Amino acid sequence: MTKDVSASRPARIDVLRRLVGAYVAIWSAVRAPHILDTLDFSPERFDAVGPLWFLNSPLPSFVLVIGVLATPVSATLMTLGVRLRVSAPVTAIGFLLVTTYRTSWGNLFHTENLVALHLVVLAVMVFDDRSDRRWAVDAMAVLTVGTYFVAGVAKLRISGTAWFDGDVLRNQIAFDNARKAVLGDVSSPFAGWLLGQGWLLAPAAIVSIGVELGAPLALLHRRVAGVWAALAMGFHLAILVFMAIFFPYHVLGIGLAPLLPVERLGTTVSAWTARFRPALKRSPPTG
Amino acid sequence: MFATDRGEEHYLDTAVMIVDDGSVRRLSPELIAGTDEPVLAAVTLTRGIRRRDAAVMCEEIAARIGGSAVVEVRTEHHNVIDFIADDAPPIGITTHARCGGDD
């Protein structure tokens with residue numbers, strides 16, 4: 001990875017910690033009721049996966065409740081920079097626990113994988129006393145592009161060159177929307193239109209796999225990283241529009257943030273505040 | 001994700017409410033399986049049908065709806081392209097359980 005792309009400023013890792021921490025705090029608070037719904041599920045539905053592979057039966061209720069309650073609290077503390085050597089690891093473990101548990105009831109979610117990986121890096125990073133923690137930003141950036149690259153390789157391994165003619169993509173879009181429709185869930189109102197545009201599907205398939213396989217190029221130069229991040233964002237917006245699948249961590253830009261100069265966010269906000277503050281002071285009082 | 005070629009025809013498990021005129025009203029994942037996740041609801045239905053628990057699931061769904069709703073646990077055979085692009089009806093329907101109403 002070039003120095004140009006990686007943490008040119010140590011401030012980036014602090015911004016990333018705050019962004020990821022805030023995201024996890026909000027996500028885990030919003031999703032808490034759904035995760036607690038599993039307390040009412042029949043134990044026969046439980047099929048432990050990933051880090052919880054060793055479980056033969058659901059967790060005791062109090063363990064799940066503690067995990068669900070502790071995660072947003074520790075994530076908030078992590079965002080605020082409070083007792084990072086405790087709050088960051090607890091957030092990583094808690095998030096991994098609740099998301100793995102959620103996905104151990106027959107539905108493998110992909111949307112939280114990158115969040116969990118980034119949290120593990122941040123949990124390790126807080127034990128590094130050196131001022132230059134560029135390695136942590138580099139690791140998060142590699143994990144981001146790695147998840148896309150692996151998805152692209154999987155498409156080629158499983159579907160081969162058939163992916164490029166657009167039929168695989170067309171069938172995926174149709175199946176996913178149909179499954180939602182028969183279950184009374186929200187499906188995309190634009191999917192029917194897209195499926196009627198046969199000419200568009202092959203280019204869309206090529207662009208999507210190009211974004212995934214081309215992800216490692218984002219590590220070469222910050223300008224390439226910016227272009228790739230924009231393409232990846234467009235990729236997720238297209239998935240949202242045509243498949244009604246929302247990847248919040250990616251669409252909000254947090255998953256892509258390790259590749260971007262997010263350390264400038266604070267400076268930009270301060271500049272805007274400074275620009276408008278005199279105008280506000282000059283404004284005559286109303287009323 | 002989205003790597004597998006799923007093909008055009010699928011057997012989709014679901015539960016529906018039959019209204020007075022015989023038409024079908026779709027139910028939410030929450031009513032079907034007590035979850036807001038559609039994939040989880042689908043997995044729950046599929047496992048229940050395989051275990052021959054469709055009648056039990058049907059009663060549970062009817063209880064969640066309340067009143068005298070008529071519920072069917074069924075498998076719909078769709079060409080998903082035609083279904084989404086043209087709102088085509090199912091190619092076939094297999095009813096595993098029907099409950100509620102005058103039961």
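How much of the accessible surface of chain A belongs to carbon and sulfur atoms? Of about 13800 Å² of accessible surface in chain A, 68% belongs to carbon and sulfur atoms. Accessible areas come from the Shrake-Rupley method with a 1.4 Å probe, and for residues only the protein chains shown count as cover.

Before going on, note that this is a predicted model, in which local features need pLDDT of at least 70, side-chain atom pairs count only at pLDDT 80 or more, and totals for chains, interfaces and linings use all residues. Residues are numbered from 1 along each chain as its sequence is written, chains are lettered from A and ligands numbered from 1 in the order in which they are written, and side-chain values use heavy atoms, with hydrogens and water left out.

**Stop 1: chain A as a whole**

Helices (H or I, at least four residues) and strands (E, at least two) are DSSP runs, numbered from the N terminus. Along the principal axes, the C-alpha atoms of chain A fill a box of roughly 55 × 55 × 50 Å.

Chain A has 287 residues, and 48% of them are buried. Buried means under 20% relative accessible area, exposed means over 50%, and partly exposed lies in between (1.4 Å probe, protein chains only). Among the contacts in chain A with a separation of 6 or more, 75% are between residues 24 or more positions apart. Contact means heavy atoms within 4.5 Å.

Now colour the charged side chains. Chain A carries 25 positive and 17 negative ones, and the centres of the two sets lie 12 Å apart. Lys and Arg count as positive and Asp and Glu as negative, while His and the chain ends are not counted. The place of a charge is taken as NZ of Lys, CZ of Arg, CG of Asp or CD of Glu.

**Stop 2: A:G21**

Select A:G21, which sits in helix α1 (residues 11-37) of chain A. Its relative accessible area is 0%, so A:G21 is buried. In sequence, A:G21 and A:A75 are 54 residues apart, yet their C-alpha atoms are 5.0 Å apart in space. With neighbours within four places in sequence left aside, A:G21 is in contact with A:A75, A:M78 and A:T79.

**Stop 3: A:R83**

Move to the loop between α2 (61-80) and α3 (84-102) of chain A, where A:R83 is found. Is A:R83 buried or exposed? A:R83 has a relative accessible area of 70% and is therefore exposed. Phi of A:R83 is near 40°, a positive value in a residue other than glycine.

**Stop 4: chain B as a whole**

Hide chain A and select chain B. From the N terminus on, its elements run β-β-α-α-α-β-α-β, which comes to 4 helices and 4 strands. The radius of gyration of chain B is 14 Å, close to the 13 Å that the globule rule gives for 103 residues, so chain B is as compact as a globular protein of that length. The radius of gyration is taken over C-alpha atoms, and the globule rule is 2.2 Å times the number of residues to the power 0.38.

Of the residues of chain B, 47% count as buried. Chain B exposes about 5200 Å², and carbon and sulfur atoms supply 46% of that area. Its side chains include 10 positive and 19 negative ones, with the centres of the two sets 6 Å apart.

**Stop 5: the disulfide**

Select B:C58 and B:C99, which are joined by a disulfide with an S to S distance of 2.2 Å. A disulfide is a pair of cysteine sulfur atoms within 2.5 Å. B:C58 lies in helix α3 (residues 54-65) and B:C99 in strand β4 (residues 92-100) of chain B, so the pair ties together parts that are 41 residues apart in sequence. The link is left-handed, with -100° about the S-S bond. B:C58 is buried at a relative accessible area of 0%, and B:C99 counts as buried at 3%.

**Stop 6: B:R52**

Go to the loop between α2 and α3 of chain B and select B:R52. B:R52 is exposed, with a relative accessible area of 76%. Phi of B:R52 is near 60°, a positive value in a residue other than glycine.

**Stop 7: B:L40**

Show both chains again and select B:L40 in helix α2 (residues 38-50) of chain B. B:L40 counts as buried, at 1% relative accessibility. Which residues are in contact with B:L40, leaving aside its neighbours within four places in sequence? They are A:H34, A:F41, A:R45, A:W105, A:G106, A:N107 and B:T35.
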